[in-house]
Amino acid sequence: MSKGNWVEETFLKTWHPYFWIIFIGLLLYSQTLFFNFTYLDDNILILEKLPFLTSSSNVFQVFRQDAFHSSQCFEAYYRPLLTISFMLDAQLGGASPFIYHFTNINIHLLAACLLFMFLIKLKYRKELALFFSLVFTVHPVLTQAVAWIPGRNDSLLTIFILMAFISFLNFLETKNGKSYLWHLLFFALALFTKESALVLIIMCVLYLHLITKERLFSSTEKLFAIGWFTIITLWFFLRHAALANPIKMTPSNMVRSLLGNLPAIIQYIGKILLPFNLSVLPIIQDTTFVYGFIAITLLTIALFLSKNKCYNFIIFGSFWFILFLLPSFIQPNPAIVAYFIEHRIYLPIIGFIIILLETDMIKNLSAKKNSSPILGAVIVLVLLTIITFNHSKNFKNRLNFWENAVKTSPHSSLAHRNLGTMYYLEEQPDKAESKYKKSLELNPQEPMVHNNLGLVYMKKNMFKKAEEEFRKELAINPSNNNVCFNLRLLYYKQNKLKDAQGTGEGL
C-alpha cells in the first residue's frame, strides 16, 4: 500500500476524520472532567442560580432576563441559549462540576467536527481540512473555551455559526428551501447565544460577492435579507424586554473603546502561532507583543512568497477573524481594566485558519509525495497538545485559576482581589490580607476589597480595623447591602446593639 493510500485509509476515509478529532480531543481534555469551578462567573451563573436552573419550568423565563439574572447595567448580557445549556446540565448533575465539564468537551468536539465539514465545503483538500481541524481541537489558545465552564458560550456560538454557514453554502449549491430554513434556524440560535452572531450576515454577504460573484442586490441576497430581518426583529424585541437597564454607549465611546483595545489583536495573533504566553485572565499591560510581531512578520512573508494564493479567500478569512473578534473589544465601562480572555478567539481563529490555508507552504503539502508532511503534522499536534494539557491545569480549581491570574497578570487588581478571596475561603487569612492590600495598591477604588479586608480583620478579632475597612467600603459603595450586613454583624459581635440597629438606615 502506498503512502498516500495508507493516509487515505487511516485518516480520511468516510467517518475516519471525525473519529480522530473525537479520539484526540477526548484524550486531551478527559482530565478536565474532574476539575472544579473557578469562581470566575461560573459561581454566579451556576452555583448561585441552581434553584432556578434545576426547575425546568423556568425554560421560557431565560428569554426574559439577562444571563446573570440581574438588572444591573454592567451585567446585562442576553444569553438565553447559554443559560438553557446550564439548565440541561443542572437537571442531570445539579451542582456537580463533572456534567458541566462533560458538556463543554462535547460542544468543543462537535465544533471541531463542524470545522472539518466547513473547510471541505470551502473546497480545501481533505487532509488539510483534517489537519487544521485537529489543530483547532488541541490548540492551547482555545483551552479556556473547554476547561472553563462559561467559556462554552463561544464554542456554542461557533457551532451555530458553522451550521448556519454550511446551510448557507448548501442553499447556494442546491437552491433547496430546507437549507434556507436550516440557515435561518441556526442563525437564530447563534443570535440567542451571543450578539456577535450578527457578524454572520456580513460574512454571508461577503461570500456572495467575493467568492460566488453574485451581483449586488441579487434575488438570493434579498431572500436572505428578509429572513435575517425577521429573526433580528424578534431577537431585538425579546432582548429589549429582557434587559431592564441595557448597556448604553454612544458611537464615539464605542469607537474610542475599539481603538484603545486594538493592540490586543497583535497579542491574539501571537498566541495563535506562538502560544507560549497564555493566561487565564490576560490584560494588555502584562501580555507581550513580541510573539505577535513575530507571528505577523512570518505570516506576511509566507503570503508574499505564495504564488497560488486566492486573494478573495484571504480577504474573506481576514474579515472573519477581525469582525468576529472586534465586538469583544467594546468595553462598556472604560474605567475598568479590559480583559482579553482567550476563549474569545474561538470563533475568529477560523478566519485565521482560512488565511493560512492560502499560503503555498500549506497548500503544497502532500502526504502522497513523501512522509515529511505527516511527520511535521504529528510534531505540531504533539507540541500543541502538551502545551494545552499543561495549561488546562490552571482551570483545575479556584485556587489554581486565580494564582495563575496573578502570576500572568500581576497588574490586575481584580486578580489580586479574587485570589485574596480564594485564600480567605481556604482559611488562609494572612495570605488573603496580603493580596487585598496589593489589590488596593493597584486600584484604591477596587470594589469590595475594603469589605473583604474587614472580614479578614473581623476573623482575627481586630474589630477596630474591621470597622474602618467596612466604613471605607461604604464610602465607595454606600448602597451595598452586603457591607451593611457585615458591619451590623461586627457590632453584634461586640454587643453594640444600638450601632447595629442604626447601620444602613436610609440606604
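Predicted model: local features only at pLDDT ≥ 70, side-chain atom pairs only at ≥ 80, totals over all residues.
View 1. Helix 14 spans residues 264-273 and is mostly covered, with nine of its 10 residues buried. The buried residues are A264, I265, I266, Q267, Y268, I269, G270, K271 and I272. Among the elements covering these residues are helix 13 (251-261) and helix 15 (290-305). Helix 16 (311-325) and helix 17 (349-356) also belong to the cover of helix 14.

**View 2. Packing of helix 6 against helix 17.** Two packed helices are described by the angle between their axes and the distance between the axes. For helix 6 (residues 97-121) and helix 17, the angle is about 40 degrees and the axes lie 12 Å apart. The crossing of the two helices is right-handed. On the helix 6 side, the contact involves L115, F118 and L119, which meet I350, I353 and I354 of helix 17. By class, this contact of helix 6 with helix 17 consists of six nonpolar residues, with no polar and no charged ones.

View 3. S196 sits in the loop that links helix 10 (177-191) and helix 11 (199-210). Its relative accessibility is 10%, so S196 counts as buried, the cut-off being under 20%. Leaving aside residues up to four places away in sequence, S196 touches L157, F324 and P327.

Conventions. Residues numbered from 1 in each chain as written. Heavy atoms only, no water. Buried < 20%, exposed > 50% of the residue type's maximum accessible area, 1.4 Å probe, protein only. Helix = DSSP H or I, 4+ residues; strand = E, 2+ residues; numbered from the N terminus. Contact = heavy atoms within 4.5 Å. Axes fitted to C-alpha atoms, helices over the stretch in contact; angles between N-to-C directions. Left-handed = near helix turned anticlockwise from the far one by under 90°. Nonpolar A, V, L, I, M, F, W, Y, C, P; charged D, E, K, R; others polar.
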